[in-house]
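Here is a short walk to follow in your viewer, one selection at a time.

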Amino acid sequence: MLTIGDFARASRLSAKALRRYDELGLLPPARVDPFTGYRYYAEEQLERARLIAWLRGIGMPLAEVGRVCALYAADAAGAARAIRGYWSRVESETAARRDLAASLVDRLRGPTEMTDEMTDGTTDGMADEMTDGTADETTDETADGTSGGTAGRPAFVLRTAVRLDRGLVRAAQQDAAHAGPHLLAVADGYGPEGARAALAAVGALEAVPPPAPSARAGDVLNALEDAVRAADGAVSGLAESGTTLTAAVWTGGRLALAHVGDSRAYLLRDGAFVRLTRDHTVVQALVDAGELDPAEAADRPDRALLLKALDGGDAAPEPELGVHETRPGDRYLLCTDGLSAVAPADAIRRALAAGVGPEEAAEALVALARERGGPDNVACVVADVVPA
């Protein structure tokens, strides 16, 4: 038996931490003296104690540490996968914060030329014949924009189109989309109640009030983040179901984005095609960590394994947030992975750059997914920044 002091030195855990882990049932001592209350530990407990110390060293919460330790006792490989999954989430959240920081830097120093180009890889699917029986939904709206007008008149507005398509394989439509005067959104539901989850999430976002022309970027982002939390609450209670969500609020001069999951937002500007969001998936986290080549990512069978989604769990996921300056001629695309996972990035760019209006572009994108087998539902929103 080791005293608590000896055990603390051997395990690199403090005596205070050991007492706390005893209270939580995470690492109870082998024996407690009934008269003095002193704790004594067996040498065999050192392995578990060191594992706890290492897990705490990478920032893992105590509740998750307990699950990993319990798993390690029966399935070491399973414990290793759990640790990898946790660290992938950390990498993804860090990358999202990095993007937000970059967005804030760009915002504070003023508009700059766009130089980034999209380099992610996607998978070509097998082309099947197109069939009927899909549910399409169309809008063509203008937004009461904000900046630069005379006598309160907006300088630019959004002209939008939205399409929903069941695809050629799925039995039901579980995607949802919205394109209104100030809000664009797509959601990809999953699970037995996936359709309800996607509709509930988009419905919660529709409650975001139109931003005033003078609204600060931070205020718009705060409103978006609150709406995402409300969307997560709206999904609560839908057993084993959830949804992704990618949404944008138009202010007339800027587009504020909130993103959870693997639906995507893109920008086409002056021929350059840029992805504005990062997938919250295990595969993307491996790519970010340099452990997987982007060209290999699309072929992974687990490419759709999400690290973040709206599922009404105990804690709402933190959305990826960003603000983007808009210009006349910009074309934005929000879409679910029923399009982005099967159509190559260059094919999507060509469809968007074909010189047609938002309605025709949205139709072409749906056709693009169907030409590659239409294995999943598709939701896409195309929005053009045009003079008022």
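A residue is called exposed when its relative accessible area is over 50%, buried when it is under 20%, and partly exposed in between. Keep in mind along the way that this is a predicted model.

**Stop 1: charged pairs**

Side chains of opposite charge can pair when their charged atoms come close. How many salt bridges are there to find?

Select Arg216 and Asp219 first. Their side chains meet in a salt bridge, with N and O 3.0 Å apart. Colour by accessibility and the two partners part ways: Arg216 has a relative accessible area of 58%, so it is exposed, while Asp219, at 36%, counts as partly exposed.

Now go to Arg264 and Asp279, whose side chains form a salt bridge at 2.7 Å, N to O. This pair links distant parts of the chain: Arg264 sits in strand E10 (residues 264-269), and Asp279 lies 15 residues away in the loop between strand E11 (272-275) and helix H8 (282-288). Both Arg264 and Asp279 are buried.

Next, pick Arg331 and Asp384, which meet in a salt bridge at 2.6 Å, N to O. Here too distant parts of the chain are linked, with Arg331 in strand E13 (residues 331-335) and Asp384 in strand E14 (residues 378-387), 53 residues apart. Are these two buried or exposed? Arg331 has a relative accessible area of 7%, so it is buried; Asp384, at 12%, is buried as well.

**Stop 2: aromatic rings**

There are three aromatic pairs in the model. One of them joins Tyr86 and Trp87: the ring centres are 6.4 Å apart and the planes meet at 55 degrees, so this pair is tilted. Tyr86 is buried, at 8% relative accessibility, whereas Trp87 is partly exposed, at 36%.

Then move to Tyr266 and Phe273. Their ring centres lie 4.8 Å apart with the planes at 15 degrees, so this pair is stacked. Tyr266 counts as buried because its relative accessibility is 1%, and Phe273 counts as buried because its value is 7%.

**Stop 3**

In soluble globular proteins, nonpolar side chains tend to be buried together. The largest nonpolar core here has 30 residues, and those touching the most other members are Leu205, Leu224, Val228, Ala231, Leu245, Val249 and Leu310. To see where its members come from, show strand E6 (183-190), helices H6 and H7, and strands E8 (245-250), E9 (254-260) and E12 (320-325), the elements that each give two or more residues. Which of them gives the most? It is H7, with eight residues.

Centre the view on Val228. Leaving aside residues up to four places away in sequence, Val228 touches Leu205, Leu245, Ala258, Val260, Leu310 and Pro319. A separate core of 24 residues lies apart from this one, and its members include Leu13, Leu51, Ile52 and Tyr86.

**Stop 4: a loop between two helices**

Select Ala207, in the loop between helix H6 (194-205) and helix H7 (217-235). With a relative accessible area of 64%, Ala207 is exposed. Draw a distance from Ala207 to Ala223: the C-alpha atoms are 9.9 Å apart, and the residues are 16 apart in sequence.

**Stop 5: a three-stranded sheet**

Switch to cartoon and look for the open sheet with strand order E1-E3-E2 and antiparallel pairing. Strand E1 (2-3) and strand E2 (31-32) are its edges, each pairing on one side only. E2 pairs with strand E3 (residues 39-41) over two bridges in the antiparallel sense, and Arg31 stands opposite Tyr40 in E3.

**Stop 6: two positive phi angles**

Most residues other than glycine have a negative phi. Arg12 is not a glycine, yet it has a positive phi of about 65 degrees. You will find Arg12 in the loop between helix H1 (4-11) and helix H2 (15-23), where it is exposed, with a relative accessible area of 74%.

Finish at Asp270, whose phi is also positive, near 50 degrees. Asp270 belongs to the loop between E10 and E11, and it is exposed, with a relative accessible area of 75%.

Definitions and conventions: Residues numbered from 1 in each chain as written. Predicted model: local features only at pLDDT ≥ 70, side-chain atom pairs only at ≥ 80, totals over all residues. Heavy atoms only, no water. Salt bridge = Lys/Arg side-chain N within 4 Å of Asp/Glu carboxyl O. Buried < 20%, exposed > 50% of the residue type's maximum accessible area, 1.4 Å probe, protein only. Helix = DSSP H or I, 4+ residues; strand = E, 2+ residues; numbered from the N terminus. Phe/Tyr/Trp six-rings, centres within 6.5 Å; stacked < 30°, edge-to-face > 60°. Pairing = 2+ DSSP bridges. Core = buried A, V, L, I, M, F, W, Y, C linked by side-chain atoms within 4.5 Å. Contact = heavy atoms within 4.5 Å.
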